[in-house]
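Hello,

Here is the structure we talked about. Please load it first, then read the notes below it.

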Amino acid sequence: MDASVDRIAWPWGSRTPYGRHEPWPVRVDTYLEAGVEPARVQRWVQTASILHSDGDAMDIAVLDGRMVGVRGRAGDRVNRGRLGPKDLFAWQANASPDRLTTPLIRQDGRLVACDWDTALERITSRTRELLADRGPGSIGFYTTGQLFLEEYYTLAVLARAGIGTHHLDGNTRLCTATAAEALKETFGCDGQPGSYDDIDHADVIALFGHNIAETQPVQWMRILDRLEGTDPPRLVCVDPRPTKVARRAAVHLAPRVGTNVALLDALLHEIIRTDRVDHDYLAAHTVGFDELASRVKECTPEWAARICDVPAARIGEAAEIIGTADRLLSTVLQGVYQSHQATAAAVQINNLHLLRGMLGRPGAGVLQMNGQPTAQNTRECGADGDLPGFRNWQNDSHVADLARVWNVEPRTIPHYAPPTHAMQLFRYAEQGSIRMLWISGTNPAVSLPELARIRSILEQDRLFVVVQDLFLTETAQLADVVLPAATWGEKTGTFTNADRTVHLSDKAVEPPGEARPDLDIFLAYAARMDFRDKDGAPLITWHDPESAFEAWKRCSAGRPCDYTGITYDKLRGASGIQWPCHEGAPDGTARLYTDGISWAHPDVCESYGKDLVTGAADDVSEYRSLNPDGKAVIKAAGYLPPHEIPTEEYPFQLATGRTLYHFHTRTKTARAPQLDAAAPDVWVEASVSDAALLGLGEGDLVEVSTPRGALRGRLRVTGIRPGLLFVPFHYGYWDTKAGHGPDGDTPPRAANETTVTDWDPVSKQPLFKTAAAGLRLLERADGEHAPAPTTTASAPARAGTVPATTGGTAALATEATEATEAGEAGEVVEAGGDGREEGAV
Amino acid sequence: MSRTDGISLTLSDLHHGEQHLARQLTAVAERHRTDHEIHHVATDLAGWSREHVRSLAEAGHAHGLDLGDPAGTPTPGLLATLREKAAEAVGHRPEPGLLLLRDLRELHLAAAGNSLCWEMLAQAAQATRDDDLLALASRCHPRTLRQMRWTNTMIKILSPQVLTSL
């Protein structure tokens, strides 16, 4: 028998310990809906998870044309069969009865059902009017990190060459913009240097603002398995919350939010002071060391201790562990990216690796992580503020090359300034210079900062808003046209995870009603607009996912993200493949920069770099004189205090963030009963000492307020650092009476009612971790508890004081491991093998 | 006129120029409260100019100059609030875009004037082997150049949209 585990109560499942340099053992996780035996499954359809950036490979179980469960893919390099709680349960949202099944258009102030022809006609006629009256700059597109590669690429071509607008960005701006920017600043070009396999080989893993246990739970399983095995790694954790990572760390630093650069400068100071510097590596592969050395000369641990409010001795210990690592792996996420001085801080982590020569070898690497599942593709395909294929908008030969691929004149593609970022896009809409905003697969009315402002922008009569989504989200409720989209499992395409692994996701079931794949929607719009290339032929020459993928391959050829060696057939039935994959690397590429820095030369780099304080762009002559040979650039940065600091009225700092059981604005995860029950409503976390000082306790109804607005939720007292409040950002209003925003009957509960409109001037990523806030009691708890999980960083400070988070029988999933099943493992893994593999036909 | 007097005059000029730029940056930050990046970065850059003002006052002292209030007078609170309220009132209008471009241009020109003064001081410091003055210019001038590059970048980004949407 397989072992059954309640995967809400035990999110990471059972351990399969392994030693350093050994392969990670297989453990196949399966969840099938009640009453469905594996033998009854008719088809297993190949895909990967679309609920985080990990790319957990899985098969969808299909019975009588509907999804009935999922199973991890044992042979995939990313997860070796494991699935996280969201992977196991969130697929149920696909069959939710409130899916959008027809287009809607606004008539007399109300959204009413219509056919596709009517909806598309309304969009194309408005597009034509605006193009004629106001030009391409009046049209903007705001997309997501959850579509497929083929869809982003099509959107990028139709927006940049079809419409000719500069205004196309993704909500990836909120999650991964700093990762991309930090890589460009250091290596001249985007592209994840490291690989998840580095977890198998590292002896030190440093996690900077990265709660990997909740954001990429399957890689946390991998780290846990190594911690239980021989020669385990030591962990260094920088996080102001008592995360699972912090609890297992050799050194945990919980700095005051907004002070990452000070902390990192002190770590760099110590590495240099103790001369744990790989001078040969520096000389061969970098420029800029001297400036860094002089910049951090005075940045002692004692200096940083005063700014960051962590003991100098702990900083010294962290530096000692990092400085003596044999193979160092660092990972970085929102605690850095969504914080003050985001890019400057992320770049200092790259610098740690350059100084120590820890790149391009097994176990020695950097993972500048992504948040969303397909954020990587938004970046590659140019559906965010970049040109496709990591081309440099300031380099005329790159633009000419792109124009050649698309067969258009270079001046057709706007490149006189950087592509417009999301926050600026909404500012243009606020000012009235953007008059049409097409939002696909994202919910800015919950996820962007300062929601009262965002709602006021979307509600304007003069702004024509198109929303393309699965459900009538808060944003869709404000739209002029709503397009029902098919999602994961209902359409085919590829996407790429945070370590460059490309997966195929095949269609398993039909979409509901008239919902269509996002690709089909973009293609239908492009066909109606009749976009042409410079010879008068259709601009977009593809018609389905596979032909779109082939078109993208031509655009990626010779670029860092080269896909030319990948085909749908090669991905079917096999493990995902890491790009670049081409003739010279037919099986893909585990690590970048194994043999020096390859994409930083002035002629090939994606960016000439920016000022880390002002965001001002350098030009090619400055870059060429700084870095003529295309080495890695060591960029120094000094600490600057955050813009918003606590006051008497707002004495706390506020950070918003995620929880293990939810994704984004819960459009899917709240419709999966097990996940919804694990974290059903918003809560507020405060420290033991702050709660005691204010006389507050578990479950009290409190209000968190900032100069922008307020929200209310029940209090959870945790081991979070004193002075800091935490609120999860997932909760909006679609499942309240009010619908899209707070009103008289529905109190505010979205974290972004309170957040500040401020962003990193370099990456343009908004700050979600550095607001000043007040906290007050609204109503004493009368036996209630905060609806926060006890299994995560939200665990109560005193164990046993609140009921434990469990899922019961509804959350039982099976685990099959080689160890427990001995010789039968293969049989167990293939238990559903009566059904044919989709890829086999 | 002696050698030293020329340096004193330039110090005094630049002190005035940095004071002026600090005030201008602060005023622009307030006037464009609803252009958030302008607001925040201009506020940060005003801090640089105020630091320059303080350093120049100290250097002036060494040259026998009294350059007055070294703090760089901050803008009165009421006026600042009025500017911010005015920005919010017209936040939904396109015309402030033009005003913003004009403001950025003024900032750029003011920073360019300061940059040339720093150049003159650095040259004179080398000629007179005044190490302290040379160190001051070497420390501050790069920041002035960064102020110019920022205004230039923002003008480059914003002008296509602003100038084609009125």
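**What the model shows**

Read along the sequence, chain B follows the pattern α-α-α-α-α. That is 5 helices and 0 strands. Please keep in mind that this is a predicted model.

The C-alpha trace of chain B spans about 55 × 35 × 25 Å along its principal axes. Chain B has 166 residues, and 40% of them count as buried. Take the contacts in chain B with a separation of 6 or more: residues 24 or more positions apart account for 77% of them.

**Helix 9 of chain A**

Helix 9 of chain A covers residues 260-273. Its 14 residues should span 20 Å at 1.5 Å a residue, and the end C-alpha atoms are 20 Å apart, so the two values agree. The helix is mostly covered, with 12 of its 14 residues buried. Among them are A:Val261, A:Leu264, A:Leu268 and A:Ile271. After helix 9 of chain A comes A:Asp275, with a positive phi near 50°.

**The nonpolar core**

The largest nonpolar core has 288 residues. Which of its residues touch the most other members? They are A:Leu263, A:Leu267, A:Ile315, A:Ile322, A:Ala346 and A:Leu725.

A:Ile322 is worth a look. Leaving out residues up to four places away in sequence, A:Ile322 touches A:Val204, A:Ala206, A:Val236, A:Leu267, A:Ile271, A:Leu328 and A:Leu352. A:Leu328 belongs to strand 14 of chain A.

A:Leu328, A:Ser330 and A:Val332 point one way. A:Leu329 and A:Thr331 point the other way. Both sets are buried.

Strand 14 of chain A pairs with strand 10 (residues 204-208) of chain A in the parallel sense, over 5 bridges. In this pairing A:Ser330 is the bridge partner of A:Ala206. Strand 14 of chain A also pairs with strand 15 (residues 365-368) of chain A, again in the parallel sense, over 4 bridges. Here A:Thr331 has A:Leu367 as its bridge partner.

**A:Met358**

A:Met358 lies in the loop between helix 15 (342-356) and strand 15 of chain A. Is A:Met358 buried or exposed? It counts as buried, because it has 27 C-beta neighbours inside 10 Å; the cut-off for that is 20 or more. Neighbours within four places in sequence aside, A:Met358 is in contact with A:Leu328, A:His353 and A:Ala364. A:Ala325 is 33 residues away along the chain, and its C-alpha atom is 9.2 Å from that of A:Met358.

**The seven-stranded sheet**

Chain A has an open sheet of 7 strands in the order 7-6-18-17-16-8-9, with mixed pairing. The edge strands are strand 7 (110-113) and strand 9 (168-170) of chain A, and each pairs on one side only. On average, neighbouring strands of this sheet are turned by 20° against each other, direction ignored.

Within the sheet, strand 16 (residues 436-440) and strand 17 (residues 464-469) of chain A pair in the parallel sense over 5 bridges. A:Leu437 has A:Val465 as its bridge partner there. Helix 3 (residues 149-163) of chain A lies across strand 8 (139-143) and strand 9 of chain A. The helix runs at about 165° to strand 8 of chain A.

**Strand 28 of chain A**

Strand 28 (residues 771-779) of chain A runs antiparallel to strand 23 (residues 652-657) of chain A, joined by 3 bridges. There A:Gln653 stands opposite A:Ala772. Strand 28 of chain A also runs antiparallel to strand 25 (residues 701-705) of chain A, joined by 5 bridges. In that pairing A:Glu703 stands opposite A:Arg776.

Best wishes

Technical notes: Residues numbered from 1 in each chain as written. Chains lettered and ligands numbered in written order. Predicted model: local features only at pLDDT ≥ 70, side-chain atom pairs only at ≥ 80, totals over all residues. Helix = DSSP H or I, 4+ residues; strand = E, 2+ residues; numbered from the N terminus. Contact = placed C-beta atoms within 7 Å. Expected span 1.5 Å × (residues − 1). Pairing = 2+ DSSP bridges. Axes fitted to C-alpha atoms, helices over the stretch in contact; angles between N-to-C directions. Core = buried A, V, L, I, M, F, W, Y, C linked by C-beta atoms within 7 Å.
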